[in-house]
Amino acid sequence: MNALELVSVTKIMQKHFWTPKFIAVDALSFTVAQGGIVGFVGPNGAGKTTSIKMLLGLLAPTKGSLYINGVSAHVPASRKKVAFIAEQPYLYAHLSARESLILSANLLGIFGEEATTAVVAALERVDLASATNKPVKELSKGMQQRLSMASALLGNPDIFIFDEPMSGLDPLGRTLFRSLFLDLASTGKTIFFSTHILDDIEQLCQSIVVISHGKLMYNGPMKPILELGFAGTDIHVPLLADALATKLFEMGFTLTQSGAHDHILFVPKNLDPTHAQKILYDNGIFITSIQRRMTSLEDLLYRSPQSLASIFVS
Amino acid sequence: MNTIFIITKNTFSESIRNKILYTIFGFAAAIIILSISFGEWSVFARVQVMEDFGLATMSIAGLMLAVFIGVGLLGREIESKTSYAILVKPLPRYLFVIGKYLGLCATLLLTFFLMALIFCITIVWLGGALTMGIATSILLIGIEMMIIVAVSILFSVYTTTTLAALFTLGFYCIGHYNDLLDVSVFEKSSPILVLLLKIVYIVIPNLEHFNIRAAVIYGSGMSPLYIGSTVAYGLLFVTFFLVLACNGFSRKDI
C-alpha cells in the first residue's frame, strides 16, 4: 500500500468570480511509497501547495481521487497518522508554546500526563525547551516553524507532509530539520516535502516528484536525474596551438579560453574523454585537471522540467 | 464531544483577549450607568426610562459584539489560515464550526451577563425592582445574540470578513423589520416579489419576537408559553444557521 496516491487529480480554481478560471493541477497522478524522504519539486505556481492541500482535505479536487494509506483523503480519518507543516507557521498567537502543543495533543486524543510528557519531549526535540512558556506571538518565525515541527511530531505520525518546511529557518534550524528528517526516515516514516532549496533535495531525498504547470514531469529516484545532469567532461590544459585546437574542434570537442594561459577542452557526454586525453598526450600537452560538468539541478528542475519527462517515460 | 469542548475552550480563550470586546463592553456599561441621568429629562418614571434604555443598549451591544467578535474571529481565522492548525487534524470540519460557535457564545454570554449585572445593579440602585419581565427580556436578548452569532458564522463561511459584517448588520435590521414585510401589499402587482418576500420572511427570523421591552416597561407580563415558544423559535434558527454553516464549511476550499 502506498503512503500517498494521487489518481488523475485535476483542480480548477478561480480567485474571484469575476476572474477567469485556471487549471492549478492537471490530471496529476503519482504515488509515494511507504518510508523514506521524497521531495516535491517544481517552479512557483506549479501546483505543489494545491496538491498538498488536496491531500490534507483542505481543498477538494475538481476531478480525480487522492489517498493516504489507501484511505480517501476527503475522509478525516485518513489524516489520523499524518502530520503537516506549512510554509507559514499557522499557530494561535494567544497561546504559549506549551499551550499550543497541548491543544494539538488534545485534538489528537492525547490528554493529561501523556500529553504533558509528549509536549516536553517534542519541545526538547526541536530545541525549544527554553521557550516553553513564551507566547507564540513573541517567537521568531524560525522558532514558530520549529514549534510547528514539534506539533507535527505529536501523536507519532507515520506520514509527514511538509510544504516548504525550511522557510524562515536559520542555518542551525535547517540543520536541525535535516537531521530530524533523517531520524524520522530511519524509523520507517514517510516524509513528503516540497521545497525550493535544491541542496536539501540532493542531500535528503531518495526520490522526487517533479511537477510543472500542474502536470507530472517525473516521479522516481534521484539517481537518473543526477545522471541526466551530467553534461560532459572539462579537461583543463595550457593554451593550445591553433592547429591542435582546430583538430580538436573538428572532432566535436569545444575549446574555450580560461584566463590568459589556459584552455578548457569540453568533451560532450556522447564522446569519449579518454580519446581526447590520448590526443593531448600524443601532442605532449600536460593536463592540469579533469572535472565532470553538471547541468545544475535548478536548470533541470525549473528551467527545463520537460527534459525529465523523457527519463521518466523511459 | 471532547473535540468540540477543546475547540470551544480555545475559541473562548482567544476571544476573551480581544480588545474590541472590552471596548464594546466598556462603552455599553458606561451608557447604562450614564442613562441614570437620562431619566430626569423624561416625562416617564426614571426607572422605566432606565429599563428601556438599558435593555436597548444591551441589545445593540450584543449585536456589535456578535458582529465584531463573531465575524472577526472566524473570518480572520479562515483568511489567515490559522484554522489549518485544527483542520489538518483527523476531525470532521463541522466540529470546528460548532466549537467556534460555542466558544464565541460563551464569550459573548459572559460579557452579556456582566452587562446585565451592571444593568440590574443600576435598576436596584434607582429603587426599581428586578422583575421576572426584566429577567425574561435579558434572556431573550441573549437568545437573539446567539442567533446573530450563528448568522455571523454562516456569513463568515461564505464570504469575506467585511462583507460578512455588513450582511450580519443587514440581517439584524431586516430581522427587526420583518413584521413590516407586508406581503399582501405586493400580492396583486408581482407574484415573484411576493414569493421573494415570503422566502425572506420565512428564512430570516422575526427578531422583534425577542424584543419585549415595551411589555417590561409597562409591566404587562409575558406568558410562559410565549417565552418558551420564542426560545424554541430562536434555538431552531440557531440550529438552522449552524447546519448551513457546517454544510458550507465542509465543502469550502480553504
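Reader: Where is Lys81(B) found?

Author: Lys81(B) sits in the loop between α3 and α4 of chain B. This is a predicted model, and in it Lys81(B) has a positive phi of about 70 degrees although it is not a glycine.

Reader: Buried or exposed, or in between, for Lys81(B)?

Author: Lys81(B) has 14 other C-beta atoms within 10 Å, so it counts as partly exposed. The cut-offs are 20 or more for buried and 12 or fewer for exposed.

Reader: What else does chain B have, in helices and strands?

Author: Chain B has 11 helices and 0 strands.

Reader: What box do the C-alpha atoms of chain B fill?

Author: Roughly 60 × 55 × 30 Å, taken along the principal axes.

Reader: What share of chain B counts as buried?

Author: 43% of the 254 residues. As for contacts in chain B with a separation of 6 or more, 82% are between residues 24 or more positions apart.

Reader: Switching to Tyr177(B). Where is that one?

Author: Tyr177(B) is in the loop between α7 (161–176) and α8 (183–186) of chain B. With 13 other C-beta atoms within 10 Å, Tyr177(B) is partly exposed.

Reader: How many Å separate the C-alpha atoms of Tyr177(B) and Ser35(B)?

Author: They are separated by 26 Å, and the two residues are 142 apart along the chain.

Reader: Now the interface. How many residues of chain B are in contact with chain A?

Author: 20 residues of chain B, and they are in contact with 18 residues of chain A.

Reader: Which helices of chain B each supply at least two residues of that side?

Author: α1 (2–15) and α4 (84–87) of chain B do. α1(B) gives the most, with 5 residues.

Reader: How do the residues on that side of chain B divide into nonpolar, polar and charged?

Author: There are 10 nonpolar, 4 polar and 6 charged residues on the side of chain B that touches chain A.

Reader: On to chain A. What is the strand order in the open sheet of 6 strands?

Author: The order is β6-β7-β8-β3-β9-β10, with mixed pairing. The edge strands are β6 (82–85) and β10 (215–221) of chain A, each pairing on one side only. Neighbouring strands of this sheet are turned by 15 degrees against each other on average, direction ignored.

Reader: In what sense do β3 and β8 of chain A pair?

Author: Parallel, over 5 bridges between β3 (residues 36–41) and β8 (residues 190–194) of chain A. Gly36(A) has Thr190(A) as its bridge partner in β8(A).

Reader: Which strands does helix α1 of chain A touch?

Author: Helix α1 (residues 48–55) of chain A packs on the sheet and touches β3, β7 (159–163), β8 and β9 (207–212) of chain A. The direction of α1 makes about 145 degrees with that of β7(A). Helix α4 (residues 141–153) of chain A lies across β6 and β7 of chain A, at about 175 degrees to β6(A).

Reader: And the open sheet of 4 strands, what order and pairing?

Author: β12-β13-β11-β14 in chain A, with antiparallel pairing. β12 (254–258) and β14 (289–294) of chain A are the edge strands. The twist averages 30 degrees from one strand to the next.

Reader: How many bridges join β12(A) to β13?

Author: 5 bridges join β12(A) to β13 (residues 262–268) of chain A. Thr256(A) stands opposite Ile264(A) in β13(A).

Reader: Which strands does helix α9 of chain A lie across?

Author: Helix α9 (residues 273–282) of chain A lies across β11 (230–238) and β13 of chain A, running at about 10 degrees to β11(A).

Reader: Last one: what is phi of Ala27(A)?

Author: Near 45 degrees, a positive value in a residue other than glycine. Ala27(A) is in strand β2 (residues 22–32) of chain A, and with 15 other C-beta atoms within 10 Å Ala27(A) is partly exposed.

Notes:
Residues numbered from 1 in each chain as written. Chains lettered and ligands numbered in written order. Predicted model: local features only at pLDDT ≥ 70, side-chain atom pairs only at ≥ 80, totals over all residues. Contact = placed C-beta atoms within 7 Å. Nonpolar A, V, L, I, M, F, W, Y, C, P; charged D, E, K, R; others polar. Pairing = 2+ DSSP bridges. Axes fitted to C-alpha atoms, helices over the stretch in contact; angles between N-to-C directions.
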